[in-house]
Amino acid sequence: MGKLLDLAKALAGEKSLHGLFGRWIQAVSSALDAQGGATPLEYIQVGYTAPQTIAANTDLLPDDTIIVSGITYSPPSGLFRLTGGKKYHLLAHGRFTDFSDDTGGVLNVAWLDNDSSGVLGVVGVFEPHTSTVDACDHPVVEAVIAPTEDVNVKLRCRSATGSAIINAGGFSASIVELR
């Protein structure tokens, strides 16, 4: 750091890449290159191509990976693998239909840490619009987390009165790394 600091102090008016400023730029550039430069953000979006019936203690299992970079997702288990030391925004929303209990049906869906089963962020409450319309529109399940070590997270219906269906194209979950 001493050499970079000395070069920075000597910058007064230097505009040539062959002078002190040029050597400083080259040193900073080399240091950044040695660190790998800026790393791309991690992200994923998943959805459904086939319906899934959801009831109490059911994991949501989106079967369609729409776009992904750096986050591992396992459709059979519904687990997303996140890297420790990073910060992530977790978001899920969608439409449930065909509630088995049109008047009192409710599903409470949350992001969970798979190892501890701890709830991450806001629990989404999905319930029918009215007693004559057995569908609900787009409540949000959301969290911002900064795990200190690698962690598996998932979406789960923690409690429910009856059941409901997620239809193809009716639900989306995304995770985006924050900077």
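Q: What makes the pairing of the side chains of Ser172 and Gln45 a polar contact?
A: The side chain of Ser172 lies 2.9 Å from that of Gln45 in this pairing. A polar contact is a pair of N or O atoms within 3.5 Å; within protein, one atom must be able to donate a hydrogen and the other to accept it, and residues adjacent in sequence count only if both atoms are side-chain atoms. The 2.9 Å value falls within that limit, so the pair is called a polar contact. The model is predicted: local features need pLDDT of at least 70 and side-chain atom pairs pLDDT 80 or more, while totals for chains, interfaces and linings use all residues. Residues are numbered from 1 along each chain as its sequence is written, and side-chain values use heavy atoms, with hydrogens and water left out.

Q: What makes a set of residues a nonpolar core, and which members of the largest one touch the most other members?
A: A nonpolar core consists of buried Ala, Val, Leu, Ile, Met, Phe, Trp, Tyr and Cys residues joined through side-chain atoms within 4.5 Å. The largest has 31 residues, of which Phe96, Trp111, Val153 and Ile175 touch the most other members. Among the elements that give it two or more residues are strands S1 (43–47), S7 (87–97) and S8 (106–113), as well as S12. The largest share, five residues, comes from S12. Beyond four places in sequence, Ile175 touches residues including Ile71, Phe80, Leu82, Trp111 and Val153.

Q: What makes Glu42 and Lys86 a salt bridge?
A: Their closest N and O atoms are 3.0 Å apart. A salt bridge is a side-chain nitrogen of Lys or Arg within 4 Å of a carboxyl oxygen of Asp or Glu, so the pair qualifies. Glu42 lies in the loop between helix H2 (20–34) and S1, and Lys86 in the loop between S6 and S7, so the pair ties together parts 44 residues apart in sequence. Glu42, with a relative accessible area of 8%, is buried, whereas Lys86, at 23%, is partly exposed.

Q: How many salt bridges does the structure hold?
A: The structure holds five salt bridges. One of them joins the side chains of Asp59 and Lys154 at 3.5 Å, N to O. Asp59 lies in strand S3 (residues 58–59) and Lys154 in strand S11, so this pair ties together parts 95 residues apart in sequence. Lys154 counts as buried at 12% relative accessibility.

Q: How do you know that Arg81 and Asp150 form a salt bridge?
A: The N to O distance between their side chains is 3.8 Å, and therefore within the salt bridge cut-off. Arg81 lies in strand S6 and Asp150 in the loop between S10 and S11, so the pair ties together parts 69 residues apart in sequence. Arg81 is partly exposed at 36% relative accessibility, and Asp150 is partly exposed at 40%. Salt bridges that share partners join Glu42, Lys86 and Glu177 into one network.

Q: What makes Leu41, Tyr43, Ile66, Ile67 and Val176 a nonpolar surface patch?
A: Patches are made of residues with over 30% relative accessible area and no salt bridge; like charges are joined within 9 Å, and nonpolar side chains (Val, Leu, Ile, Met, Phe, Trp, Tyr) within 5 Å. Ile67 has a relative accessible area of 42% and is partly exposed; its place is in strand S4, residues 64–69. The patch covers about 380 Å², the area coming from the Shrake-Rupley method with a 1.4 Å probe, where only the protein chains shown count as cover for residues.

Methods
Buried means under 20% relative accessible area, exposed over 50%, partly exposed in between (1.4 Å probe, protein chains only). Helices (H or I, at least four residues) and strands (E, at least two) are DSSP runs, numbered from the N terminus. Contact means heavy atoms within 4.5 Å.
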